[in-house]
Amino acid sequence: MTGWERFTDSFFNARVMAQYLPKIIDGFGLTVVLALCIIAAGLALGLLLALVRTFSIRPLNWLIIFVVDLFRALPPLVIIVLLYFGLPNAGVELSGFVASWLALTLVLMAFSEEIFWAGITSVAKGQWEAARSTGLGFVQTLGFVVLPQALRITIPPLTNRTIAITKGTALASVVAVPDILGAANAGVSFSFNPSPLTLGAIAYLVLFFPVVVLGRWIETRFAWKR
Amino acid sequence: MSTTTGRAPIVEARDIHKHFGHLHVLKGVDLRVVEKELVFLIGPSGSGKSTLLRCLNRLEEPSSGSVTVDGIDMLDPKTDINKARQRIGMVFQSFNLYPHMTALGNVMLALRKVLGLGRAEAEAKAQAALDRVHLADRADHYPLQLSGGQQQRVAIARAIALEPRVMLFDEPTSALDPELVGGVLAVMRELREDGMTMVVVSHEMGFAKAAADRVVFMADGMIVESGLPAEIFADPKHERTRAFISQIERH
Ligand SMILES: Nc1ncnc2c1ncn2[C@@H]1O[C@H](COP(=O)(O)OP(=O)(O)OP(=O)(O)O)[C@@H](O)[C@H]1O
Ligand SMILES: [Mg+2]
């Protein structure tokens, strides 16, 4: 066997690929579901915390800042392992899927809160004053004037963060979740051939490439009309 | 035109003090503006003109004193401040239009959300307000598609659409290129002719001479003197005023 043949036999072995494709497809579905659950919950919680923070209730804001910094500082894998292997000691058993979802949701919540908050505070003070001077209330001003502007500013960094964190779904394979990477890894151990990993990489590309393109599209769509 | 006695006071501010930390910015200011009066507020930078204006609609909370606008006690905690602010239009140096809304959207927002008008009615009123500032044909333009002068006129339309009892202008033309100032002043002139009560902070002395009923000179957080434009500009009583006027006229 030449080196090239050895390479294709290892990474592009058609027989092995065909055999494990169904498992990878199942893993693909699982990764999509996990990612969507993380994005929905993480962004919603992040926005909620940022909105609560605008009310400037001191002790509450300190708590928010603490929680946010905590989950930005901890490596996501550490949180997953803590939830999965640590919580049972406290009598709470989480499945690998739920532990991964919760951990990455908390991380996305923390990072997106910071991004939403930065977006809200970057809106000029004059916008608040103009709106309030016409008789709009605090919440109305926030909702109709400040938030729409803040969200536009946040879209590029938010898209990047969201992609980075949802890619962390691969970590779920550590706690026995048969996501794309989990399924690919299992395939490698059974077949003694790394081709399933190639399939896994392709699956990740298929999943995230459109997301990256979508992010770019949203970014241009939301630019101010000139 | 300058007899202001006998007309109802729209704005009555008494003994306003304002502290920012240990900075004493307003030191007992009294200001009374009667119906249909145009009061022109001048003074050196940092003398507290903007702060006084912002105390009138409570964008800034006075440290002490009282403010009554159109009979409403603005500082009473029981006063619905959002409702009270509908009666006080404000125009800012930096326009502060909402960049994500068209000119029409900017004017409609408070009509819809504060007055609670239906879409059609709000749109008609907003369109009429834009017409008054001669921008009816720019209704669907976004702020960034408008010149500074047009943006400021949309900001005026946004305020007058609510049919306020008094309009506050804080250096409405200071951010504009010289060739755009005239259009904004013309609109303010028309407002005045329609009988709007106005308090104007500005360095446009020509406008003051032509349109103001009264000029108030402020320095160091206090009103130094106030009188007819002719008196203040030609024959100021105080040295501070004289120095300020001659410095401005040199520019
Ligand atoms: N939010 C604030 N916090 C602290 N100090 C302030 C604040 N707003 C205004 N000041 C101070 O109060 C003083 C009066 O400011 P103000 O803006 O009312 O002056 P002004 O007469 O409008 O001046 P200008 O002609 O430059 O606009 C200044 O010394 C200013 O630095
Ligand atoms: Mg000022």
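In this predicted model, helix α4 of chain A, which spans residues 76-86, and helix α5 of chain A, which spans residues 96-122, cross at roughly 140°, and their axes come within 9 Å. Because an angle counts as roughly antiparallel when it is over 145 degrees, α4(A) and α5(A) are therefore classed as oblique to each other. The crossing by which α4(A) passes α5(A) is right-handed. On the α4(A) side the contact is formed by A:Pro76, A:Ile79, A:Ile80, A:Leu83 and A:Tyr84, and these meet A:Gly96, A:Ala99, A:Ser100, A:Leu102, A:Ala103, A:Leu104 and A:Val107 of α5(A). Sorted by class, the residues of this contact of α4(A) with α5(A) comprise 10 nonpolar and 2 polar, with no charged residue.

Another helix pair in chain A can be read in the same way. Helix α2 of chain A (residues 14-54) packs with helix α3 of chain A (residues 58-73) at an angle of about 150°, and the two axes are 9 Å apart. That angle is why α2(A) is described as roughly antiparallel to α3(A). Here the crossing of α2(A) past α3(A) is left-handed. From α2(A), the residues that make the contact are A:Leu49, A:Val52 and A:Arg53, while α3(A) supplies A:Leu60, A:Asn61, A:Ile64, A:Ile65 and A:Val68. The contact of α2(A) with α3(A) divides into 6 nonpolar residues, 1 polar and 1 charged.

Turning to chain B, helix α4 (residues 119-132) and helix α5 (residues 148-160) of that chain have axes 8 Å apart and pack at an angle of about 135°. It follows that α4(B) and α5(B) are therefore oblique to each other, and α4(B) passes α5(B) in a right-handed crossing. In this contact B:Ala129, B:Leu130 and B:Arg132 of α4(B) meet B:Val154, B:Ala157 and B:Ile160 of α5(B).

Which residues lie around ligand 1? They are B:Phe20, B:Leu23, B:Val25, B:Pro44, B:Glu171 and the residues B:Ser45, B:Gly46, B:Ser47, B:Gly48, B:Lys49, B:Ser50 and B:Thr51. In B:Ser45, a polar side-chain atom lies 2.6 Å from an oxygen atom of ligand 1, and for B:Lys49 the corresponding distance from a polar side-chain atom to an oxygen atom of ligand 1 is 2.8 Å. A polar side-chain atom of B:Thr51, in turn, lies 2.5 Å from an oxygen atom of ligand 1.

Methods: Residues numbered from 1 in each chain as written. Chains lettered and ligands numbered in written order. Predicted model: local features only at pLDDT ≥ 70, side-chain atom pairs only at ≥ 80, totals over all residues. Heavy atoms only, no water. Axes fitted to C-alpha atoms, helices over the stretch in contact; angles between N-to-C directions. Helix = DSSP H or I, 4+ residues; strand = E, 2+ residues; numbered from the N terminus. Parallel < 35°, antiparallel > 145°, perpendicular 65-115°, else oblique. Left-handed = near helix turned anticlockwise from the far one by under 90°. Contact = heavy atoms within 4.5 Å. Nonpolar A, V, L, I, M, F, W, Y, C, P; charged D, E, K, R; others polar. Near = heavy atom within 4 Å. Polar contact = N/O pair within 3.5 Å; in protein donor to acceptor, adjacent residues only side chain to side chain.
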